[in-house]
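Please open the structure in your viewer and keep the selection tool at hand. Each stop on this tour names what to select and then describes what is there.

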Amino acid sequence: MSGLTNETVLVIDFGGAFKELAARCVRAQGVYSEIRPGVFPNEKIGKFAPIGIILAGVGADDDAKCAHLAPLGIPLLALDSWSEDAAHTEKIRKFLFQTCKAKGLYSLDVYIEHQISQIQGAIGSDKILLALSGGVDSSVCAALLTRAVPNQLTCIFVDHGFMRLNEGDRIEAAFAQQNINLIRINAQQCFLDKVAGVADPERKRKIIGEEFIAVFEEEAKKLGHIPYFAQGTIYADIVESGGEYGSVIKSHHNVGGLPEKLGFDKIIEPLAGLFKDEVRSLGAKLGLPDHLTRRQPFPGPGLAVRTLGAITAERLETVRQADAIVTEEIEKFDFAAVGLTPPSQYFAFITNTPTVGIKNHARTFDYAVGIRAVITDDYMTCTYAPLPHSLLDKMVRRITTEVASVSRVVYDITSKPPGTIEWE
Ligand code: XMP
């Protein structure tokens, strides 16, 4: 991103799965970095005027792969693997400060200041709209825009009723505290009506997605013409989709769905240069609470994905209550004290399998509830968390006594692959 510190290092990806680790390691040492594919042409590299290039996934005998870069006369560092963080950090540090003579002026504060002036310059005195989900990216995006153009941003938060216990209220309260202009649309019943009787998970997702757009559109229309639309796209989204991040403003053809339907002139993506952990840190710097910046991944259709089979208000409430117990117990458990890694994501779900149980001397046929807790860095693969029996026992006892209509709870010990994280 030009104008940030005038020092960029490009990480060229030759198939090393560690390209992000390398790019993040460069940034952590105060030099802005971006990732580009192995086929990236020299003319485009030249436009970045990088002070150095790191070749991720190039071994000692791979000269041919990067021979075309030699004429650029830019210092190169080839890394064929990434086994030990400390050794690579040192290697990159020497490359940046000894070979490339970097000054190391990049930091998140610099990014914030740069983005604020870019946003102010782009929007002028116009208005801007943001679809807020309560997830990390859209929340941080809202906080940054509020810092840049405080009275010009409106956030619309469509509460579809599939949020976790008290989540909608907590989001609303956190934004009120930050003086972020938020309109909450309580569309819970409307979403529940739309999915009534629908058991197929893909259809459920589709119906909820379409309803979200319809509700958002109706609300946005009430606000009159707003030329700008903000999205919390982050750098990983861009790298994964093979796109390029060059400017704070993207023309709307790059983004599908909502903005096109609503006819926005311009899309602003102020987080598009940041990795996920940087987005979390930025949120904390902007004063957002931990429950927003440290939030676990959560499906767009929320608990609808965790209520297997046809959703009813009762089944939804069961999963919401069970989930609150799982969350509370896992969050207060001291994993370090028993030498265990805390799970990265944890939740309850309700199956569509009625099982027999006994309550007050009578047989019951309630749906089995499940607990999922996984350890993962990237959510693409995971191992199940080996939760202590005492913790599992506590959660199961609480769920079966405190939540109506639950006679049986199971713990899923499948890793991914073959099992996915969500049960859908
Ligand atoms: P699976 O179930 O495919 O999920 O192993 C991988 C990760 O993605 C999360 N997930 C979603 N995240 N929108 C999201 O932002 C969604 O619609 C969605 N569906 C699944 C899931 O919780 C897990 O962390």
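Select Gln115, Ile116, Ile119 and Gln120 in helix H5, which meet Leu144, Leu145, Arg147 and Ala148 in helix H6; two residues are counted as in contact if their C-beta atoms, placed from the backbone, lie within 7 Å. The residues of this contact divide into five nonpolar, two polar and one charged, where Ala, Val, Leu, Ile, Met, Phe, Trp, Tyr, Cys and Pro count as nonpolar, Asp, Glu, Lys and Arg as charged, and the others, Gly among them, as polar. The model is predicted, and local features need pLDDT of at least 70, side-chain atom pairs count only at pLDDT 80 or more, while totals for chains, interfaces and linings use all residues. Residues are numbered from 1 along each chain as its sequence is written.

Now show the whole of H5 (residues 108–123) and H6 (residues 136–148), which pack at an angle of about 70 degrees with their axes 9 Å apart. Helices (H or I, at least four residues) and strands (E, at least two) are DSSP runs, numbered from the N terminus, and axes are lines fitted to C-alpha atoms, for helices over the stretch in contact, with angles running from 0 to 180 degrees between N-to-C directions. H5 and H6 are therefore roughly perpendicular to each other, a term for angles of 65 to 115 degrees. Their crossing is right-handed, meaning that the near helix is turned clockwise from the far one by less than a right angle.

H8 passes H9 in a right-handed crossing, and the contact is made by Cys190, Phe191, Lys194 and Val195 of H8 together with Lys204, Ile207, Ile208 and Glu211 of H9. Which classes do the residues of this contact divide into? There are five nonpolar, no polar and three charged residues in the contact of H8 with H9.

Then select the residues around the ligand, which are Pro297, Pro299, Gly300, Gln345, Tyr379, Lys416, Thr420, Ile421 and Glu422; a residue is included if its C-beta atom, placed from the backbone, lies within 6 Å of the molecule. This shell divides into four nonpolar, three polar and two charged residues.

Pro417 is found in the segment after strand S14 (409–411).

For the last stop, select Lys101, in the loop between helix H4 (85–99) and H5. Phi of Lys101 is near 55 degrees, a positive value in a residue other than glycine. Most residues other than glycine have a negative phi, and most peptide bonds are trans.

Terms used: Angles under 35 degrees count as roughly parallel, over 145 as roughly antiparallel, 65 to 115 as roughly perpendicular and the rest as oblique.
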